[in-house]
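This briefing goes with the sequence and the 3D structure shown below. Look at both before reading on.

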Amino acid sequence: LLARRLLRPDADEWTPPAWPALLGPAALAGPVVGLVAGLAATASGGPLGGGRLAEIGPVPWQVAAVATAVVTVGALLGAAAAKVLDRPSSARPAARPRPPADRPRRAPERPDPAVDRPRPTRERPRSSEERPPRPVPD
């Protein structure tokens, strides 16, 4: 998502972002996720009773280390692949011209309210005597 946001052409003079602008935030995502996952692991552990259940839950530093490594590698590979596989600027489709801001918008055309259109109605029985009998299963 970071690569797509940075590689998206927003202006007429679009220049691709440099490698540090793309890989820096991707590398920072890993430690941030590792810290949050470590804190969540710390909060989820603790005693559940006595004896063997006195210590239960994940080891927080191991959870933080694995989450940091996995997210850092994944984010760096994803950002690098997005930059390498991005189409060159000459192959980009031309941006659609936007209408001028001072041009008034046309209101959508609506049917004439004076024309009465019959609406379909379904007559419902008013009492139980007017309803047809229900079939009884055998």
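How many aromatic pairs does a search of the whole structure find? The search finds zero. The model is a predicted one. Its protein chain has three helices and zero strands, so the order along the sequence reads α-α-α by the DSSP runs.

**The chain as a whole**

- The protein chain has 138 residues, and 12% of them are buried.
- About 12,500 Å² of the protein chain is accessible surface, and carbon and sulfur atoms hold 60% of that surface.
- Among contacts in the protein chain with a separation of 6 or more, 60% join residues 24 or more positions apart.

**Helix α2**

- Helix α2 covers residues 19-44.
- The 26 residues of α2 should span 38 Å at 1.5 Å a residue, and the end C-alpha atoms are 38 Å apart, so the two values agree.
- The buried residues in α2 are Leu 22, Ala 26, Gly 30, Gly 34, Gly 38 and Ala 41.
- Just after α2 comes Gly 46, which has a positive phi of about 140 degrees.

**Helix α3**

- Helix α3 takes in residues 60-85, which makes 26 residues.
- From the first C-alpha of α3 to its last the distance is 37 Å, close to the 38 Å expected at 1.5 Å a residue.
- Ala 64, Ala 67, Thr 72, Ala 79 and Lys 83 are buried in α3.

- Val 33 lies in helix α2.
- The relative accessible area of Val 33 is 35%, which lies between the limits of 20% and 50%, so Val 33 counts as partly exposed.
- With neighbours within four places in sequence left aside, Val 33 is in contact with Ala 67 and Val 71.
- Val 33 and Thr 68 are 35 residues apart along the chain, and their C-alpha atoms are separated by 6.3 Å.
- Thr 72 is part of helix α3.
- Thr 72 has a relative accessible area of 17%, and it is buried because buried means under 20%.
- From Gly 74 to Gly 30 the distance in space is 8.7 Å, C-alpha to C-alpha, while the two are 44 residues apart in sequence.

**A charge over a ring**

- Which ring does the charged end of Lys 83 sit over? The ring is that of Trp 19, and the charged end of Lys 83 is 5.5 Å from its centre.
- Lys 83 is one of the buried residues in α3.

**What the record says**

- An unreviewed UniProt entry places the feature "transmembrane region" at residues 21-41 and 61-82.
- In the model, residues 21-41 are 100% helix and 0% strand, and the end C-alpha atoms of this span are 31 Å apart.
- Residues 61-82 are likewise 100% helix and 0% strand, with end C-alpha atoms that lie 31 Å apart.

Conventions. Residues are numbered from 1 along each chain as its sequence is written. This is a predicted model: local features need pLDDT of at least 70, side-chain atom pairs count only at pLDDT 80 or more; totals for chains, interfaces and linings use all residues. Side-chain values use heavy atoms; hydrogens and water are left out. Helices (H or I, at least four residues) and strands (E, at least two) are DSSP runs, numbered from the N terminus. The expected span of a helix is 1.5 Å times one less than its number of residues. Buried means under 20% relative accessible area, exposed over 50%, partly exposed in between (1.4 Å probe, protein chains only). Contact means heavy atoms within 4.5 Å. UniProt positions are given in the numbering used here, feature names are shortened, and annotations may be inferred rather than shown by experiment. Rings of Phe, Tyr and Trp (its six-membered ring) pair if their centres lie within 6.5 Å; planes under 30 degrees apart count as stacked, over 60 as edge-to-face and the rest as tilted. A charge sits over a ring if NZ of Lys or CZ of Arg is within 6 Å of the ring centre and within 35 degrees of the ring normal. Accessible areas come from the Shrake-Rupley method with a 1.4 Å probe; for residues, only the protein chains shown count as cover.
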